[in-house]
Amino acid sequence: MDKEEDDKTQAAGIRDTSGGNWLYSDTVREHFFDPKNFMKYDEVDTYQADATGRVGSPACGDEMVIWLKIDSKTEKIKDCRWQTFGCGSAIASTSVLSVMITENGGMTIDEALKIKPQDIIKRLGGLPDRKIHCSVLGDKALQAAVNDWFRKTGQHERIVTAGAKIIDEKLNITDKDIEEAVLEGARTLEDIQKKLKVGVGNPEAIPQIEELIRFYVEKYYA
Amino acid sequence: MNNFPKKPAKKRFVYLDHAATTYLDEKVKKAMDPYFSDIFANPSGLYAQGREAKSALDSARDKVAEVLGAQPDTIIFTGGGTESDNLAIFGAARKHANQGKHIITTKIEHHAVLRPCEELEKLGFEITYLPVNKEGKISVESVKKNLRKHTILISIMYGNNEIGTVMPIAEIGREILKWRKQQNTVYPYFHTDACQAAGALDLNVEKLHVDLMTINGSKIYGPKGAGILYKRRGVLIEPLVYGGGQEKKLRSGTENVPGIIGFAKALELVQKNKKIENKRLLKLRNYFWEKIKTKITKVKLNGPELGDESVRLPNNLNISVLDVEGEAMLLYLDEYGIVCSTGSACTSESLDPSHVLIACGLPYEYAHGSLRFTLGKRNTKQDIDYVMKYLPAIVDRLRELSPVHLGEKKHAKYISR
């Protein structure tokens, strides 16, 4: 953590050591200890999903797979299964998401795509600050599954390629990378540069980077 | 869920996180008791009560010195391990910056050593972080190779808190002595953080050839907030805390008399019992690992082989359970009253997995699934059997939720891209 961040933490009286802020809500605990709709190991081969999405990797500490059954006429999500490698909040996020998109007869794809990480967090009764990225991953897995469906049904124009705009051409760093970095705790240009080196050899990109930091900090932490 | 064991009617509390901190030994508590409200006076006071406190302080100092094979005036009482590490590193660096700005340490030190080193880097110091092998050990050769004329301090931990690796402190100490003699210099000073080792290993400073040594109370059934920095005679450092000039001006502030009494008592007790207790813990730990190995598939031992205390701290077991994540296991274990820790990123502030496991060359996916069990006085075979009643089922359940099947065909089968 750099000096500026240290000062901020001190001034705000935030407890930032491990041990602070670990309390999970009852809803998180419920979905963690009694997960809903998860894909059983031997069910995978017979499930016949219409679409699948996978994000993350065990090396990053989180990996999620979402399977969907979609009614091709109404575009409603009829059924959802998932598997998650990750911590308590990652498992709970995927579980609650699977409930959100299938309850009351199921959401349409367009409705499901409107789900934001904040909606998942809200439904969970909150997540510790440091765990917000877990809910983002659920959101991304769902998006990947829906894109898979668009691809399989030949609706290529509907594939969501949100963001992925190149910010630093030399390093091929996109706005997505900056979003990730913010979710991992970066708050200042210095933090981001420590992680990504973005804009170091490309100073004209800096104003845009700073704007993106403000944008994502506001989006997730405001 | 199939075969998931029912929660017991009476939850057993199984504490397996002794490397994090320990409970207070009853005898230690008893020794401390009079110093809260009865013999409470400031040891600097000239009146009888003050003198009584001072004399208690002196005998605590004597006791600690005896364990270390040192003179009483080499013992500086501090507010704990982190403070002692900071005092050793900043203290030596500030005092001797004009002699050189190079420090050698290792990649697997406790943050109480690494963070001060990083701060010194900002002030223009150059720090060499020695790499470790897959068991977490540094080679004596690598210390020798990195010695320079401007090296003022070497800080290497005695026993590692995460994987229990015991470093060859005495051997390194001898090499440093040789170097000093050859170069005709007093540098570098040699500091070791012995917080984790204090309950199990020999602390004689003459045998270890250390100039500075950190020990704290909270890992040896003593009180929290009390520790020492051993400082060899003739070794010079700057204080961190200025004020009334206590502890030979190196640690100002009214002495924490009950804490110091408790610390000395705790150190005396663990050192007296270490031979028998080491043997008992080693047997229990090895039993635990045997059970894990036979009942859980795809597990890996992290750190050195499960040898005696010359190789690995006898109470330490660190494993990686593949395809599941550490925090998730921790939460489940907690439901059953079982307490341990993990090197997974999810429990760290930085979201990076344990720097120790990564330095040992463990892949990230292994580090994320790591569990550290550190055993202690109260643990029995019944505790281990209780853990083994639930741990395999917990792993099974989490594996059932997990899309990760490392090394198996099933993994990545469903990627649709």
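Domain bounds, as used in these legends, come from an automatic or database domain assignment. The model shown is predicted.

**View 1. Domain division of chain A.** Chain A is divided into domain 1, which spans residues 22–158, and domain 2, which spans residues 166–221. Taken over C-alpha atoms, the centres of domain 1 of chain A and domain 2 of chain A are separated by 27 Å.

View 2. Strands of chain A form an open sheet of three in the order E1-E2-E3, and the pairing is antiparallel. Strand E1 (51–57) and strand E3 (77–85) of chain A are the edge strands, each of them pairing on one side only. On average, and with direction ignored, neighbouring strands of this sheet are turned by 10° against each other. Between E1(A) and strand E2 (residues 62–70) of chain A, the antiparallel pairing extends over seven bridges, and A:Ser57 has A:Asp62 in E2(A) as its bridge partner. Helix H6 of chain A, made up of residues 132–152, lies across E1 and E2 of chain A and runs at about 140° to E1(A).

**View 3. The largest nonpolar core and the surroundings of A:Ile66.** The largest nonpolar core holds 87 residues, of which A:Ile66, A:Leu68, A:Ala141, A:Ala145 and B:Met329 touch the most other members. H6(A) provides the largest share of this core, with 10 residues. When neighbours within four places in sequence are left aside, A:Ile66 is in contact with A:Gly53, A:Cys80 and A:Trp82, and also with A:Ala141, A:Leu142 and A:Ala145.

**View 4. Strand E10 of chain B and its two pairing partners.** Strand E10 of chain B (residues 316–321) is largely enclosed by the rest of the structure, because six of its six residues are buried. From E10(B), B:Asn316, B:Asn318 and B:Ser320 point one way, while B:Leu317, B:Ile319 and B:Val321 point the other way, and all are buried. Strand E9 (residues 299–302) of chain B runs antiparallel to E10(B) and is joined to it by four bridges, with B:Lys300 standing opposite B:Ser320 in E10(B). E10(B) also pairs in the antiparallel sense with strand E12 (residues 370–374) of chain B, here over five bridges, and the bridge partner of B:Ser320 in E12(B) is B:Ser370.

**View 5. The contact between the two domains of chain B.** In chain B, the domain assignment gives a domain 1 made of two segments, 14–23 and 275–401, and a domain 2 covering residues 26–270. The C-alpha centres of domain 1 of chain B and domain 2 of chain B lie 28 Å apart, and 26 residues of domain 1 of chain B are in contact with 24 residues of domain 2 of chain B. On the side of domain 1 of chain B that touches domain 2 of chain B, E10 and helix H11 (355–359) of chain B each supply at least two residues, and the largest share, four residues, comes from H11(B).

How values were computed. Residues are numbered from 1 along each chain as its sequence is written. Chains are lettered from A and ligands numbered from 1 in the order in which they are written. This is a predicted model: local features need pLDDT of at least 70, side-chain atom pairs count only at pLDDT 80 or more; totals for chains, interfaces and linings use all residues. Two strands pair if DSSP finds at least two bridges between them. Axes are lines fitted to C-alpha atoms, for helices over the stretch in contact, and angles run from 0 to 180 degrees between N-to-C directions. Two residues are in contact if their C-beta atoms, placed from the backbone, lie within 7 Å. A nonpolar core is a set of buried Ala, Val, Leu, Ile, Met, Phe, Trp, Tyr and Cys residues joined through C-beta atoms within 7 Å. A residue is buried if 20 or more other C-beta atoms lie within 10 Å of its own, exposed if 12 or fewer, and partly exposed in between; C-beta atoms are placed from the backbone.
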